[in-house]
Amino acid sequence: MTIEDVRRRRLLAYSVPILAVLGALAIGAIMLIALDADVVKGFSRLFSGAFGSTDALIETALKATPLLFVGVGITIAFRANVINIGGEGQMVAGGLLSTIVALNSPDMGPFIMIPLVLLAGLAGGAIWGAIPGALKAYYGVNEILSTIMLNVVAVQLMNYLLRGPLIDPLEIERGTRIPQTERLVESADLPLLFGSGRLHIGPLIAVLAAIVAYIILWRTPLGYRVRAVGQNVDASRYAGIPVKRTIVLALTMSGALCGLAGAVLVFGSEGHRMVTDGSTAGFTGSAGFNGIVAALFGGLHPLWTIPASFLFGGLLVGGLALQRAVQVPSALILALNGLVVIFVVSADRFRRRLLERPPVVIEENDDNNRNEVATAAVAAAEPTSGDHPEGGDS
Amino acid sequence: MSELFTQAAIVAVVAGGIRLAVPLLVASLGETFGQRSGVLNLGVDGIMLLGAFGGYYAVLQSGSPWLGLLVGIGIGFIMGLVSALMAVTLKAEQGISGIGVYLFGLGFSDLLFQKWVGTPRPIPKFPKLDIPGLSDIPWLGEMFFQHSVVIYLAFAAIPLSMWIINKTTFGMNIRAVGENPEAADSLGVSVSRVRWSTVTIGGTLAGIAGAILAIDLGIFQQNITNAQGFIAIALVYFGAWRPLGIMLGALLYGLVNALVLQMKVLEIIPPDWSDIAAMTPAIITILALVVVATRFSPPSALTKPFTRGA
């Protein structure tokens, strides 16, 4: 196989997730036709609504922010061969802890308050990630199931707190009892990028987080251990790597990033408060699940997850525009969302297969020695190409 | 607290527990087939939701709960085929692909409900069957022998599943494929055919479970399963991949849920605490997973796609 062939295969590999999304949208179109909706109008709105104007791009960037945090978090866990389905719960935990901190601490000005609430979000998510991590490492509990259950616990906890102890006193006074907190302290508002409008610094923090995650994974001993454990548990153990502690750490870091997403959602929201509609999706917008797709889109590489999240965020924003344009219930978004997950995950095998030619790939990089990101993206495919992540019970 | 120990309350809890256990039991039995053959299907909740809406809508239109059940079977069968295509042929990552089915089911069932039904309207339920003689026994009769027909059928599925898994050639193939697909393959057992069958059985039973849930409640609403499909998956672990263990787990869940419900009715749990009470199933599941994980191990090939010669 020549270098040209490798390039062509790689290009094909990158187009696989895009084709998968188009497949999902095709099924969505059939659904719309079955529901008697104007498909052409809907789909033209999908694209203009996502990328067609400055406002649309800002909306997309905001939507992409939690996806990027979660996607990077998922990537870290995935690298350690741990599947974190708990992004939803970890986001809620992060949102809750940061809200509680904001409600209970004296106003110390934005330079202290903003880092403080973000750190609280980080901590909340980290705790919610450390629990399934410890259960997996020390008791062999399947992390897929434990994280799903912790999602359920987190939502009920949020509902309880926002309907009771944390509810805005005004809601009780007025008798409306909307489960939401009071407007949180102003100095904890995420600053707006252009001084006004909707775009706050959240997307920047997310991009920064992706870069930091990249550095941790590929430039620190900790990241090395995480990846080693993900590749081969036994070899790592013989090499003296504390496997159990590494698994706990990977899920803790993964949860921390999701928790940060939760905090950014609260303090970057228009109402500057935490509010629930009784479901998880009401707070997270399913970002805890969608971030997984963004991560797969990005080839399980933190840096590639940045454009992947942006594209996927656009899809979600566009979906909303589509739904409004053709006037079908908003449940359509969730259904489309599910289809995208199904198609992207099912097509992932083709992407992996196209990237599977390690000897030639290494040669090419030796020759050119410039495409660091692409090399890493190839490496990204390795842990899942031969050895599939297990359920976790060993 | 003492009002909980009256005859009426105890009978209501036990009878209610059995009723609430049934959808979990059926979905769990289905998931067992898949997991024993090495496939973890995480989409159960989504399939249940689709089955629940399909079943509900069919009954709403036709007035016949049996037709609703049939529609649930059909939807489950189709979704089972889709899940098998993803997990077996396309070898999708099993920890994630099922989440897609879940989101799709959650969204699509709600979409169709809002579009075609709008406001919830009650539907006729399955007919009740009082077992002659037995149903007249004080206490026990009302607890065990005055249920709707499907509930007896669901419990009859337990010995049937045990027989299939433990005594038939198909069952032997399932276990072989789940424990050591390479060996099974070398002996001429088609790994993919066995897994296609088990995942389709699992999907069908999930569809049935959803239809039973909705028709037994006589209503449909958004997210009617409330994560029961995920609990059903955990129950397979809880029951150590054996139908009898799964039955015990499902009954335990049903009883806990019925007890919580009864305590809410009797206002032993104040309304403010209902969200906290709603956490119990998930917390019990996590604790149960810990207990089980230290004693039993899952089928060795669980979640590992099979490629010949790999």
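This is a predicted model: local features need pLDDT of at least 70, side-chain atom pairs count only at pLDDT 80 or more; totals for chains, interfaces and linings use all residues.
**View 1. Helix 13 of chain A packs against helix 15 of chain A.** Helix 13 spans residues 287-297, and helix 15 spans residues 331-355. Their axes lie 10 Å apart, at an angle of about 35°. The crossing of these two helices is left-handed. From helix 13 of chain A come Asn290(A), Val293(A), Leu296(A) and Phe297(A). They meet Asn337(A), Val340(A), Val341(A), Val344(A), Val345(A) and Asp348(A) of helix 15. By class, this contact has seven nonpolar residues, two polar and one charged. Residues three or four places apart in an α-helix point the same way, because a turn takes 3.6 residues.

**View 2. Chain A is in contact with chain B.** The contact involves 45 residues of chain A and 48 residues of chain B. On the chain A side, helix 5 (110-139), helix 6 (143-163), helix 13 and helix 15 each supply at least two residues. Helix 15 of chain A gives the most, with 14 residues. The side of chain A that touches chain B has 27 nonpolar, 13 polar and five charged residues.

**View 3. Helix 1 of chain B bends at Val22(B).** This helix covers residues 7-36, 30 residues in total. From first C-alpha to last it reaches 41 Å, close to the 44 Å expected at 1.5 Å a residue. The bend at Val22(B) is about 35°. A proline, Pro23(B), follows within four residues. Helix 1 of chain B is mostly covered, with 21 of its 30 residues buried. Just after the helix, Gly38(B) takes a positive phi of about 100°.

Key
Residues are numbered from 1 along each chain as its sequence is written. Chains are lettered from A and ligands numbered from 1 in the order in which they are written. Axes are lines fitted to C-alpha atoms, for helices over the stretch in contact, and angles run from 0 to 180 degrees between N-to-C directions. A crossing is left-handed if the near helix is turned anticlockwise from the far one by less than a right angle, and right-handed if clockwise. Two residues are in contact if their C-beta atoms, placed from the backbone, lie within 7 Å. Ala, Val, Leu, Ile, Met, Phe, Trp, Tyr, Cys and Pro count as nonpolar, Asp, Glu, Lys and Arg as charged, and the others, Gly among them, as polar. The expected span of a helix is 1.5 Å times one less than its number of residues. The bend at a residue is the angle between axes fitted to the seven residues ending there and the seven starting there. A residue is buried if 20 or more other C-beta atoms lie within 10 Å of its own, exposed if 12 or fewer, and partly exposed in between; C-beta atoms are placed from the backbone.
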